[in-house]
Amino acid sequence: MVIKVFLASSSGSTAIKKKQQDVVGFLEALKVDYTQLDIACNEENRMWMRENVPEEKKPANGIPLPPQIFNEEGYCGDYDTFFDAKEDNAVYAFLGLPPPPGSKEAEQADKANIVENGNHAEENLDDSIEVPVEERNGDAHVEEQAEAADEEEGEGGEEEAEAEAADDEATEAETAGDEAPAEEEEEEEEEAGEGTEEVTEDTAQAEEEEEQEEEELRQLEEEEEDVEETQEEEAE
């Protein structure tokens, strides 16, 4: 398979010249065999390139610009698709060539094959087959199972005892909770009784004070009457 790169040796566009140099330089760095075909000096190369670039890959004016890359008769792409493949470490796939062993692209291809085909899983299939424990250990495994069953029974008894203790604690907490409101009610009743006694004492004291005031008023009235009588006698 021969990689064909169609170039324009006498292009007046600086951008086209730079793109052509990038493609050629990268292919040489990868040591990929390729052939340069000049479309500026060879009309046949120009016509062949234009005819073999797919219609969907051509620009709006229908004239593809160099560089254009082919693998024999098959179209690979233009500079933009080549650049994207270079960024993704997929240049060999872009060119339709197998990647060299040890390259990043080869490692990526191996990983992709493992995921798609499950080769790695098939290789480890034999390792994943387990031999029954009884066949490997014989009677020792039976004894281990019996010991494990005894341990589970012991653990089950401990769990039941812990559950009963937790129930007892919960019952005590509920009983204590019932007693606490009763004590609070008794305290409230006692406080209410004390309040009633205080009110009764205050009422009695107020009544005594009123009686004293009435007595003082009567005495004042009597004194005033005595003063009036004395004044009348003196006037006569």
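Let's start with Gln 20: its relative accessibility is 8%, so it counts as buried (under 20% relative accessible area, with exposed over 50% and partly exposed in between; 1.4 Å probe, protein chains only). The structure is a predicted model, in which local features need pLDDT of at least 70 and side-chain atom pairs count only at pLDDT 80 or more, while totals for chains, interfaces and linings use all residues. Residues are numbered from 1 along each chain as its sequence is written, and side-chain values use heavy atoms, leaving out hydrogens and water.

**Around Gln 20**

- Gln 20 sits in helix α1; helices (H or I, at least four residues) and strands (E, at least two) are DSSP runs, numbered from the N terminus.
- Setting aside neighbours within four places in sequence, Gln 20 has contacts (heavy atoms within 4.5 Å) with Leu 7, Ala 8, Pro 66 and Pro 67.

**Strands and their pairing**

- Strand β1 is mostly covered, with 5 of its 5 residues buried.
- Ile 3, Val 5 and Leu 7 point one way from β1, whereas Lys 4 and Phe 6 point the other way.
- β1 runs parallel to strand β2 (residues 34–38), joined to it by 5 bridges; strands count as paired if DSSP finds at least two bridges between them.
- β3 pairs in the antiparallel sense with strand β4 (residues 74–78) over 4 bridges, with Gln 68 opposite Asp 78.
- The hairpin of β3 and β4 has 2 residues between the strands, and Glu 72 takes a positive phi near 55° there.

**Nonpolar cores**

- In soluble globular proteins, nonpolar side chains tend to be buried together.
- A nonpolar core is a set of buried Ala, Val, Leu, Ile, Met, Phe, Trp, Tyr and Cys residues joined through side-chain atoms within 4.5 Å.
- The largest one here has 18 residues, and Ile 3, Leu 27, Ile 69 and Leu 95 have the most contacts inside it.
- At least two residues of this core come from each of β1 (3–7), α1 (14–29), α3 (79–87) and α4 (91–95), with α4 giving the largest share, 4 residues.
- Leu 27 touches Val 5, Val 32, Tyr 34, Phe 82 and Leu 95, not counting residues up to four places away in sequence.
- Another core, of 7 residues, lies apart from the largest one and includes Leu 37, Met 49, Val 53 and Phe 70.

**Pockets**

- A pocket is an open set of points on a 1 Å grid over the protein atoms alone, where a 1.4 Å probe fits, with protein on both sides within 12 Å along at least five of seven lines; lining residues have an atom within 4 Å of a point.
- Of its 14 lining residues, Lys 19, Leu 65, Pro 66, Gln 68 and Asp 78 are the closest to its centre.
- α1 and α3 are the elements that give two or more residues to this lining.
- The second largest pocket has a volume of about 150 Å³, and its lining includes Phe 26, Tyr 92 and Lys 104.
- For the second largest pocket, the elements giving two or more lining residues are α4 and α5 (104–117).

How values were computed
Grid points are joined across faces, edges and corners, and a volume is the space filled by probe spheres set on the points.
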